[in-house]
Amino acid sequence: MDPEVSGVEETPEVEEEVAAVPAAEPVAEPEEFESTKDAIEEWKAQHDAELKAKREKESELKKAKLDEAKKALEEFQKEVEERRQSAMEKHRAHEEQEKEERAALDASSEAWPKVCKLVNLNVSLACIFSSYVCSFFVRSL
């Protein structure tokens, strides 16, 4: 009886059950181990090859997407630069036109055409009134 187990007595029934347990299967021959080992190595090699092919395919896809994204970014930056240049040219032309008009106005001796050109006389009364009301409410806050 095992000294660690206390209070438990072995009975003949337990001994019969232990005797009824079949014997373990014989240990496999080394040749069987070798064939299993070869099969595992073959599977590992095949699996590694599959993983390598998958990684290469993903790498190619990633590179293609990256090239596509770079190309799209370059096109976008080119369009932005073109729009910026166009806006700058338009602004310069507008400034030149205003300078010419102002120079022509300054050359004239009449005062009222100068005042009319500098002041926007096309503003409606409703616009002036709404602006006044808005400023009144802003001041009262």
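Glu75 counts as partly exposed because its relative accessibility is 42%, where partly exposed lies between buried (under 20% relative accessible area) and exposed (over 50%), computed with a 1.4 Å probe and protein chains only. Glu75 is placed in helix α2; helices here are DSSP runs of H or I with at least four residues, strands are runs of E with at least two, and both are numbered from the N terminus. Together with Glu74, Glu79 and Glu82, Glu75 forms a patch of negative charge on the surface. Patches take residues with over 30% relative accessible area and no salt bridge, joining like charges within 9 Å and nonpolar side chains (Val, Leu, Ile, Met, Phe, Trp, Tyr) within 5 Å. Asp and Glu count as negative and Lys and Arg as positive, with His and the chain ends not counted; each charge is placed at NZ of Lys, CZ of Arg, CG of Asp or CD of Glu.

The structure is a predicted model, in which local features need pLDDT of at least 70 and side-chain atom pairs count only at pLDDT 80 or more, while totals for chains, interfaces and linings use all residues. Residues are numbered from 1 along each chain as its sequence is written, and side-chain values use heavy atoms, with hydrogens and water left out.

Arg84 is partly exposed because its relative accessibility is 41%, and Glu81 is partly exposed because its value is 34%.

A further patch, nonpolar and about 450 Å² in area, is made by Trp112, Val115, Leu118 and Val119. Trp112 belongs to helix α3 (residues 111-118) and is exposed because its relative accessibility reaches 64%.

Overall, the protein has four helices and zero strands, and 1% of its 141 residues count as buried. Its accessible surface, from the Shrake-Rupley method with a 1.4 Å probe, is about 13800 Å², with 58% belonging to carbon and sulfur atoms.

The average pLDDT (the predictor's confidence in each residue, from 0 to 100) is 78, and 60% of the residues score at least 70. Confidence is highest in α2, at 91, and lowest in helix α4 (residues 125-140), at a mean of 62. Where pLDDT is low, predicted coordinates should not be read in detail.

Conventions. A salt bridge is a side-chain nitrogen of Lys or Arg within 4 Å of a carboxyl oxygen of Asp or Glu.
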